[in-house]
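Here's a quick tour for anyone meeting this structure for the first time. Have a look at the sequence and the 3D view, then read on for the highlights.

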Amino acid sequence: RAGEELVLQPAPVPAPPSLAFPCVAPRMRAQASNWASRQGFTEAVRGRLRLFFYNDSTAKLSLGQEALSGMIGGMLSCWNHPFEVARIEMQARAVAGEGYMSMTQVFSAVYAEYGLAGLFKGVIPRMGLNIWQTLFMVTGATLIKERLLK
């Protein structure tokens, strides 16, 4: 309005996502490692299969061998499953209105109650999901790229 002095105030600083949503930190860790793991493990397996089948690190793999590399890469990328377990536990605690626990505390609590196997509960279905995602988005993308570059 005319005649009024404009006063600028700093915008409020929001809480970091890990404080506003306690399950965000483990989810960010898992997501950051998921795709890099799928790609990295699949590439490593491709190299091993080339040497195993052809004794040549530059050999072209067959379609079945490419699929096998994607399946193994997908399964190996489940190494970070304990972060998923921690995320789910933290979400369940939040829904139940229970107090916040850090990721380290969640790992300790799961281990104390279920042992080491508790940190890998549900890993078999996740392996199936990772195999599918890796075959589709890593191996499939490589095969499509090769076809388009011919």
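A residue counts as buried under 20% relative accessible area, as exposed over 50%, and as partly exposed in between. Glutamate 98, at 42% relative accessibility, therefore falls in the partly exposed class. Keep in mind that this is a predicted model. The protein chain has 6 helices and 0 strands, and 32% of its 150 residues count as buried.

**The overall picture**

- Going along the sequence, the pattern of the protein chain reads α-α-α-α-α-α.
- Take the contacts between residues at least 6 apart in sequence: 71% of them join residues at least 24 apart.
- The protein chain exposes about 10,100 Å², and 66% of that comes from carbon and sulfur atoms.

**How confident is the prediction?**

- The average pLDDT of the protein chain is 85, with 81% of the residues scoring at least 70.

- You'll find serine 69 in helix H3, which covers residues 63-76.
- Is serine 69 buried or exposed? Its relative accessible area is 0%, so serine 69 is buried.
- Which residues does serine 69 touch, once neighbours within four places in sequence are set aside? The answer is Thr42, Val45, Arg46 and Leu49.
- Threonine 42 is 27 residues away from serine 69 along the chain, yet their C-alpha atoms are separated by 5.5 Å.

- Arginine 46, one of the contacts of serine 69, pairs with glutamate 43 in a salt bridge whose closest N and O atoms are 2.3 Å apart.
- Arginine 46 and glutamate 43 are 3 residues apart in helix H2 (residues 24-54), so about one helical turn separates them.
- Asparagine 55 lies in the loop between H2 and H3.
- Asparagine 55 has a relative accessible area of 68%, so it is exposed.
- The phi of asparagine 55 is near 55°, a positive value in a residue other than glycine.

**Helix H4 and what follows**

- Helix H4 takes in residues 81-95, and its 15 residues should span 21 Å at 1.5 Å a residue; the end C-alpha atoms are 21 Å apart, so the two agree.
- The buried residues of H4 include His81, Pro82, Val85, Ala86 and Met90.
- Arginine 87 and glutamate 84 join their side chains in a salt bridge, at 2.8 Å from N to O.
- Why are arginine 87 and glutamate 84 about one helical turn apart? Because they are 3 residues apart in helix H4.
- Both arginine 87 and glutamate 84 are buried.
- Glycine 97 follows H4 and has a positive phi, near 75°.

**More on salt bridges**

- Side chains of opposite charge can pair when their charged atoms come close.
- How many salt bridges does a search of the whole structure find? The search finds 5.
- Arginine 93 has a salt bridge to glutamate 98, with the closest N and O atoms 2.7 Å apart.
- Arginine 93 is at 17% relative accessibility, so it counts as buried, while glutamate 98 is partly exposed at 42%.
- Elsewhere, salt bridges that share partners link Glu43, Arg46 and Glu66 into one network.

**A nonpolar patch on the surface**

- Which residues form the nonpolar patch on the surface? They are Trp35, Leu129, Trp132, Phe136 and Met137, and together they have about 550 Å² of accessible area.
- Helix H6 (residues 123-148) gives the most to this patch, with 4 residues.
- Tryptophan 132, one of the residues in the patch, has its place in helix H6.
- With a relative accessible area of 53%, tryptophan 132 is exposed.

Methods:
Residues numbered from 1 in each chain as written. Predicted model: local features only at pLDDT ≥ 70, side-chain atom pairs only at ≥ 80, totals over all residues. Heavy atoms only, no water. Helix = DSSP H or I, 4+ residues; strand = E, 2+ residues; numbered from the N terminus. Buried < 20%, exposed > 50% of the residue type's maximum accessible area, 1.4 Å probe, protein only. Contact = heavy atoms within 4.5 Å. pLDDT = per-residue confidence, 0-100. Expected span 1.5 Å × (residues − 1). Patch = residues over 30% accessible without salt bridge, like charges linked within 9 Å, V, L, I, M, F, W, Y side chains within 5 Å. Areas by Shrake-Rupley, 256 points an atom, 1.4 Å probe, with all protein chains shown as cover. Salt bridge = Lys/Arg side-chain N within 4 Å of Asp/Glu carboxyl O.
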